Each structure stands twice: as structure tokens, then as C-alpha cells.
Amino acid sequence: MNETHAGASRLRNLMSRGATFLGTEVAILCGAMSWVSERNLVSAISNAGGFGVIACGAMSPELLDAEIAATKALTSKPFGVNLITMHPQLMELIAVCGRHGVGHVVLAGGLPPAGSLDAIKANGAKLICFAPALALAKKLIRSGVDALVIEGMEAGGHIGPVSTSVLAQEMLPEIAEQVPVFVAGGIGRGEAIAGYLEMGAAGVQLGTRFVCATESIAHPNFKRAFLRANARDAVASVQIDPRLPVIPVRALKNAGGELFTAKQREVAAHLDEGRVAMAEAQLQIEHYWAGALRRAVIEGDVEHGSVMAGQSVGMVSREEPVAAIIAQLMDEAAGALAKRAA
Ligand SMILES: Cc1cc2nc3c(=O)[nH]c(=O)nc-3n(C[C@H](O)[C@H](O)[C@H](O)COP(=O)(O)O)c2cc1C
């Protein structure tokens, strides 16, 4: 067997557990991205052999129903649905997934609320959760989740405080044998995929790398901002006053981010002066970004909207079909494995 074949076959072996779990050719998920991960991108990912995930976000059960139906019309391959735990109609959304026979539900935003895990599993679906720390991962495994995603702070969107490389070292040796674990955050090339697979990951989840896919409906301005950006432009939101909690989100620097800092200063000053009550002040901060991702992704306002992006954005260099992105990632991963074996 020549070196290239050896690398490709080792990659297939390392991905086989994750691919079997997902029902795919390759163990690469495209993480759900609100407004971006809709029927077109999701079906393109699944058709290219990966695993697409619909981002339900704040959709109503009726909208989710229509989105799943439309995705099914575009692909016969497996795909998943990402639901946010704090959605007020979570149980109805789970029922919609059940009616469509969705095979994998991803719960994001916290531990599964009472009843949700049983409802998902009663539908015959597999449940994937995010594990932000080892203790929580163990608890989730005990409660019966089927797979975990560990996501580092390099990722785009809502982030935790720990890097992917540290999470992978801390968690994979302890939990990777028990359930399939998918590593996410900061992955831009296949060499990194090979590394995490060799550490015990069943597969990987990428978001940022897929935003500029030809099939992604993100506004041309949103894609252009990605193509121009470097790793250091994807920054975490900053909290400037301990009284005013800010949810950490990684996004490209823009005028909206600067105005947000100014807004925090203004609200903090109003608090100091007693012009606003604490609850109202906190609400003003919380509501600042409402609708901001849609404004950037759909309307193309990349100056005042939220251009969520991970640090791997610097490795996004052109608009190209999903199949080309997956093929490149797989080639890079196989090449790295071939070199290590040589
Ligand atoms: C524009 C954007 C929107 C996102 N929206 C969501 C979301 O709605 N729900 C979610 O669980 N994760 C969301 N994420 C995170 C992705 O699903 C994925 O885990 C992450 O992008 C992986 O890290 P990477 O960006 O470094 O590849 C989002 C990421 C981006 C870049």
C-alpha cells in the first residue's frame, strides 16, 4: 500500500465509529449556525457525506416543521436538528422532530431540562449534548446521552472559557471510550482533525469553515467579511462591569461591538447615578444584540449586526462548494496521518 492509501485508510478507521453513529461517510458535523444552517447548507453537507444540522434557534414548531420537510426534500441522507434548551416550546419542537423521524437531536444551551431527554429517546432519536467540563460530561453520560460535543473558546458564536486543545486533553482520555465525542472549535484544516481523532475523538464539528460554502445562504457581505478576516479579528465579547453580565460570544470586530462597549459604560453610569434599576439595566444589556445575527447573516449589515465567527476564519480563503471543503479537509487529514505513519 502506498503512503497516500495508508493515510486514507487510517483516516477511515479513525472515523468509523463516529461515521457509524451519525450514519454518514465521514465523521464531520457542520455545527448548527442560526440563520446559516437552514435547508440549503444542511442538505449540501449531508449530500457531500458529512452531517448537516438544522439550527432551530428561536423558530416556532410550525417553522421547524417546514424547515425539516424542506431539508428532507433536498437530501435523503441523515441530518440532525439543534434545539436550544431554553426555548419555551422545547417539548413541542421535540415532538416535531419525532414526527419527522429525525435521527439525531442536538441540545445546546445547557443541561437537558426535565423530560426532554426521555422524550427525545422515546422518539428513537439519538441525543447529542455539549459538555463544557469533565464533571458535566460524566453527569450527561450517566443520564443517558448518546454522544457529546466538546467545544473550545476558539469557536464562533457562544463560547465557554477553555480552549479546544485543553478540553480535548482533559476530557478525551476520560470519556471517549464511553460515548462518541466530537471535538469543535478552531478547526480549519484536516491536520487538526487527524490530531483530535488520534487523541480519541470519534469525529469533529466545524462551523466557521462552512459559512462561505457556495450553498450557504449567508449574505455576500457576511461571506466577504469572513474572507477578509484574520484569526485575531474574531474576538470574544467583553464585559466591562461586573454588575452587568455579558454572554461571551465570538464574532468579528465591528462598529456594533464598539457601540456595545459604549452602551455598557452608559448603562453602568446610569446605575451609579440611580437613574435605572439593576434588573432594567441588565435587561438593556441582554437585549442589545437581539436580532443582531439575522441582521448580519440575512440583511448583510456586517457593521452593526453580529458577525459570529471563530478564530479559524483566517483559514477561510474562498467561496467553494461544500463537497470541495470536505474533500480538502479529508485530504489534509489523510496526508497528515500518512506522514506520521511513514
Ligand atoms: C455564525 C455562527 C452561528 C452559530 N450559531 C449556533 C447556534 O445557533 N447553536 C449552536 O449550538 N451553535 C452555534 N454556533 C456554533 C457552531 O455550531 C459550531 O459549534 C462552531 O462554529 C464550531 O467552531 P468553529 O466556528 O471554530 O468551527 C454558531 C457558530 C457560528 C460561526
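Predicted model: local features only at pLDDT ≥ 70, side-chain atom pairs only at ≥ 80, totals over all residues.
**Exercise 1: the first helix**

How many residues does helix α1 have, and how far does α1 reach from its first C-alpha to its last?

*Solution.* Start with the ends: α1 covers residues 3-22, which gives 20 residues. Next, take the span from the first C-alpha to the last, which comes to 28 Å, close to the 28 Å expected at 1.5 Å a residue. Now follow the axis along the helix: α1 bends by about 50° at S16. Then pick out the buried residues of α1, which are G7, R10, L11, L14, M15, G18, A19, F21 and L22. When reading that list, keep in mind that residues three or four places apart point the same way, because an α-helix has 3.6 residues a turn. Finally, step just past the end of α1, where G23 has a positive phi of about 80°.

**Exercise 2: P61 and a pair of helices**

Find the helix that holds P61, classify the exposure of P61, and describe how α3 and α4 cross.

*Solution.* Second, count neighbours: P61 has 19 C-beta neighbours inside 10 Å, so P61 is partly exposed, as 20 or more would be needed for buried. Third, list the contacts. Leaving out residues up to four places away in sequence, P61 touches Q89, E92, L93 and V96.

Now for the helix pair. Two packed helices are described by the angle between their axes and the distance between the axes. The axes of α3 and α4 (residues 90-100) come within 9 Å and cross at roughly 25°. Angles under 35 degrees count as roughly parallel, so α3 is roughly parallel to α4. The crossing of α3 and α4 is right-handed. As for who meets whom, P61, L64, D65 and I68 of α3 meet E92, L93, V96 and H100 of α4.

**Exercise 3: a loop residue**

Is A48 buried or exposed? Say where A48 sits and what A48 touches.

*Solution.* Locate A48 first: this residue is in the loop between α2 (39-47) and β2 (51-55). Then count: 24 other C-beta atoms lie within 10 Å of A48, so A48 is buried. Setting aside residues up to four places away in sequence, A48 touches V322, A323 and I326. To finish, compare sequence and space for one of these: A48 and V322 are 274 residues apart in sequence, yet 6.8 Å apart from C-alpha to C-alpha.

Terms used
Residues numbered from 1 in each chain as written. Helix = DSSP H or I, 4+ residues; strand = E, 2+ residues; numbered from the N terminus. Expected span 1.5 Å × (residues − 1). Bend = angle between axes of the 7 residues up to and from the residue. Buried ≥ 20, exposed ≤ 12 C-beta atoms within 10 Å, placed from the backbone. Contact = placed C-beta atoms within 7 Å. Axes fitted to C-alpha atoms, helices over the stretch in contact; angles between N-to-C directions. Parallel < 35°, antiparallel > 145°, perpendicular 65-115°, else oblique. Left-handed = near helix turned anticlockwise from the far one by under 90°.
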